[in-house]
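Try each task by yourself before reading its solution.

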Amino acid sequence: MFPLNPKHMPKSVASLISDYASSLISAYASITALGMLFHAVVKELKDLIPQWVRSYIYLKVQNYFFKPPPNDHLTLVIKQTSGIVLNEVYEKVDVYLGAKISPSDTRLELSKTYRQKTISLAIEKRGQVVKDTFDDIELQWCYIAKSNKSSKTNNSPAADDEEVKHHCGFELTFNKKHKSKEMDSYMPYVFAQANSIRQREKVLKLYCSANYSSSRSSIDLVHPATFDTVAMEPELKKMIIDDLDRFLERRELYKKVGKAWKRGYLLYGPPGTGKSSLIAAIANYLKFDIYDLELSSMFSNSDLRRVLLSTTNRSIVVIEDIDCSVKINNRETAMSSKTATPGYPASKFTLSGLLNFIDGLWSCCGDERIIIFTTNHKDKLDPALLRPGRMDVHIHLSYCTPNGFRTLASNYLGIHESNPHHICGEIESLIESTEVTPAAVAEALMKSDDADVVLEGLVKFLKEKKAADDELKKAKKADEERTKAAKEQGTNKAERQERDEDVSTNCEKNWQKREATF
Ligand SMILES: Nc1ncnc2c1ncn2[C@@H]1O[C@H](COP(=O)(O)OP(=O)(O)OP(=O)(O)O)[C@@H](O)[C@H]1O
């Protein structure tokens, strides 16, 4: 038998085994050290490279190695903008994916607006890969954000913003054979889901159009005004609500008669009569976002067009104080620097641009739109703006009426038919004979928590206001009478002068006749 003890082995074999063993051990040690080094490097990189970059690299590597043959797959790219306007598909996908959280997600976004009652969780978009299944078809969504810095010139920040938007979007990858199912069933499903999520979590937005170079900005619209809180005549309130309801139901009718599905309202009345409050009440009633258009920041018709194109459907476009926000001279002539309103830069904005926006071709780019103009001086508006068919409904918001006071007293003090107050009758008759705005009444009602104190204060205020109004009326009347008398005196004087002239002419004629007879 061959001796197993190395001592008994031949020298060369023993040394061979020991060499082999030591090289095995050193190889193992090197591999372990290398492994530890690799592990340390990976750990370091993990801390240094943001998660979304790692996900992106992971996706690319995964796609490279494990992707089925490329011919089998189709990738649809959904960019954030389509031309110069927001891409609706992007918006819908954004909402849809925002609500999808899977156990494998490692980064989530936490948010809560002041209006929301609970904190909401959503996946963090950047670099996230979201797997979805629809009718047993596997789909993969990925958010892309490419910057195109090399091709950039010295663009303005707004242009940069547009550029970034243009290169942001989603990629949807799936097997080619399901293409028609994707387009015919999956995308409508995504749209429907997004709409119902939006409706559930609807937080109204107030968009402010800044100037040409800056991007559109929005804030949550947290205006508490509703049709219950706005003080106005009940019949007028009912008329507005009925009109809005009818408008919403008439989609098919508008289509049938070939009219853009939009409605124009002109709200006019003195300051503080509730024009802005009514706009907020309409937005809250319809659950429509508001676009507040600052005409003074528009420098040309194309600015207006651009802003209009970026508004969404089911929205209210508001132009407040149309009579003084910008000087619009006539339909064709743009404002030159000579005609510009002091304090406003020269604008190439024209009335025809605005009219085009209301009922021209540009008014058709969108559905379910309400356009609201407000003014304190309807008489100062260009008749072209008031032409029938342009602003469909003209709503006069007047000084406070007894009905208006009842609404305010109920809202502010909880005083109503079943909880009356003995001073209310006196206040109502004072209000009937005084020109006082709902804003002034509302302010008076806020002065104390004690209803007696507040209402007595209001009576005092109304009496003082009435006395001041009467004084003013008297002064006005006296002034008018003086002017009338001066006019009459002037007329009398002119008549006397004419008479005198006639007399002298007659005398002259008679004298000439007599002269001729002699
Ligand atoms: N009709 C109203 N009903 C309830 N509150 C009102 C009404 N009118 C005014 N107010 C109160 O007065 C405040 C100012 O009113 P609001 O801004 O709506 O008036 P406005 O007519 O738009 O004024 P302006 O022409 O100066 O813009 C509101 O915040 C609200 O508290």
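**Exercise 1. Compare the span of helix α8 with the expected span, then find out how covered α8 is.**

Step 1. Helix α8 covers residues 275–286, twelve residues, and reaches 17 Å from its first C-alpha to its last, close to the 16 Å expected at 1.5 Å a residue. The expected span is 1.5 Å times one less than the number of residues. Helices (H or I, at least four residues) and strands (E, at least two) are DSSP runs, numbered from the N terminus.

Before going on, a word on the model. It is a predicted one: local features need pLDDT of at least 70, side-chain atom pairs count only at pLDDT 80 or more, and totals for chains, interfaces and linings use all residues. Residues are numbered from 1 along each chain as its sequence is written, and side-chain values use heavy atoms, with hydrogens and water left out.

Step 2. Nine of the twelve residues of α8 are buried, so to speak mostly covered. Buried means under 20% relative accessible area, exposed over 50%, and partly exposed in between (1.4 Å probe, protein chains only). Among the buried ones are Leu278, Ile279 and Ile282.

Step 3. Look at the neighbours: the buried residues of α8 pack against α6 (234–249), β11 (262–268), β12, β13, β14 and β15 (393–396). Contact here means heavy atoms within 4.5 Å.

Step 4. After α8 comes Lys287, whose phi is positive, near 60°.

**Exercise 2. Why is strand β13 largely enclosed by the rest of the structure?**

Step 1. Strand β13 spans residues 315–319, and five of its five residues are buried, so the strand is largely enclosed.

Step 2. Now sort the side chains. Ser315, Val317 and Ile319 point one way, while Ile316 and Val318 point the other way. In a regular strand the side chains alternate between the two faces of the sheet.

Step 3. Find the partners of β13. Strand β12 (residues 289–292) runs parallel to β13 and is joined to it by four bridges; five bridges join β13 to strand β14 (residues 369–375), also in parallel. Two strands pair if DSSP finds at least two bridges between them.
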